[in-house]
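User: Hi! I'm new to this one, could you walk me through it?
Analyst: Happy to, here it is.
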Amino acid sequence: MKPRDRLRIAMQKSGRLTEPALDLLNRCGLTFRQSRDKLFCFGEGEPVDLLLVRDDDIPGLIAQGVCDLGIVGRNVLSEFKGVTGDGAAALAEWRPLGFGRCRLSIAVPQDMEYHTPQDLAGLRIATSYPGLLNQWLREKAVNASVVTLAGSVEIAPKLGTADLICDLVQSGGTLVANQLREADVLLQSEAVLAGPDALPTDERGDMIDLLLKRLDGVIQVRESRLLLLQTSRSSLDAVTRLLPGGPQPTLLPVAGQPDQLMLQALCAGEVSWRQLEEIKKAGAREMFVLPVEKMLA
Ligand code: ATP
Ligand code: MG
């Protein structure tokens, strides 16, 4: 492979991960010139280009060194790492990206009993993830036969080509529509940034470093909430103790009410209704939870 002075990222051309992946890269300050129906998108500001491909091809492109990084489901990356040879083992999951969440699950016909993986002994399981399924069956010491299908796995039990399936589940709607129910989970998946185990030693290594820093900033902002509330000075300690993690809150006076304070706190992650109710019970009122748009510490 010739050394390259531009970074190349592989992502899904058209599918569930396309919009969120592009949105994430845009938030990292990356914009691309070419239209999206092309295979290759040239990066405008930064020396970072995109290769738009089928998601199944992404791990292979990184393993071959055609691309430096990829945005792909953990399910696809893990299947590739498990099934393919030595080169694949050198692929790493660098960052979980928080979208494209789903599970790789065992789903059985509604009326089939399932208590433990051993209930699957002797049955035929249809899947597009034979590597991950075989590995799980080995770990559970279950002897079942794996029927590999490229797509439409969920109709295999109805067609009689398998007794049950192992497939991706998000809401479970597809399973219900096919009279199946989720019985066990093999893998919790989401989109991840995948790359080689080690950073390239040329300029691309520095660019990846920079991209990871921006990505971390974007992810941190996306997961941050600003909590605003009012409390009396006497309830301040109790309220502060209940605040979700984050830096020290800021306190502001409330005009005309010397015993009241306005509290502002940056929280890492969601603030649930339950947490809000607890904080209210401790003496807070006028509570607001706001998303954070940008952050520069
Ligand atoms: P391609 O043409 O790129 O091969 P695909 O049909 O294999 O597309 P999509 O259906 O777009 O792929 O799914 C891409 C990824 O989205 C999956 O690999 C998985 O990580 C994630 N995903 C999230 N929810 C689901 C779901 N309910 N079903 C399938 N994939 C899901
Ligand atoms: Mg695919």
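User: Before that, what should I know about the model and the numbering?
Analyst: This is a predicted model, where local features need pLDDT of at least 70 and side-chain atom pairs count only at pLDDT 80 or more, while totals for chains, interfaces and linings use all residues. Residues are numbered from 1 along each chain as its sequence is written, chains are lettered from A and ligands numbered from 1 in the order in which they are written, and side-chain values use heavy atoms, with hydrogens and water left out.

User: Thanks! How many helices and strands are there?
Analyst: The protein has 10 helices and 15 strands. These are DSSP runs numbered from the N terminus, with helices being H or I of at least four residues and strands E of at least two.

User: Which domains does the assignment give?
Analyst: Domain 1 (7–99 + 191–219), domain 2 (102–189) and domain 3 (223–291); such bounds come from an automatic or database domain assignment. The C-alpha centres of domain 2 and domain 3 lie 46 Å apart.

User: And what is the radius of gyration?
Analyst: The protein has 24 Å, whereas a compact globule of 297 residues would be near 19 Å. That value is taken over C-alpha atoms, and the globule rule is 2.2 Å times the number of residues to the power 0.38. Along its principal axes, the C-alpha trace spans about 75 × 55 × 30 Å.

User: Switching to pockets: what volume does the largest one have?
Analyst: About 960 Å³. On a 1 Å grid over the protein atoms alone, a pocket is an open set of points where a 1.4 Å probe fits, with protein on both sides within 12 Å along at least five of seven lines, and lining residues have an atom within 4 Å of a point. The volume is the space filled by probe spheres set on the points, which are joined across faces, edges and corners.

User: Which residues are closest to its centre?
Analyst: Of the 34 lining residues, those are Arg16, Asn75, Tyr129, Asp167 and Leu168. Elements giving two or more residues to the lining are α3 (74–83), β9 (164–169) and α7 (173–177). Domain 1 and domain 2 each supply at least three lining residues.

User: Is α3 mostly covered or open?
Analyst: Mostly covered, as 7 of its 10 residues are buried. Here buried means under 20% relative accessible area, exposed over 50% and partly exposed in between, using a 1.4 Å probe and protein chains only. Asn75 is among the buried residues of α3. Over the whole protein, buried residues make up 43% of the 297 residues.

User: Now the metal. What coordinates the magnesium ion?
Analyst: Asp55 (OD) and Asp56 (OD) coordinate the magnesium ion (ligand 2), at 2.1 Å. Donors are N, O and S atoms within 2.8 Å of the metal (3.2 Å for Na, K and Ca), and water is not among the atoms, so sites may look incomplete.

User: Are those two aspartates buried or exposed?
Analyst: Aspartate 55 counts as buried because its relative accessibility is 19%, while aspartate 56, at 43%, counts as partly exposed.
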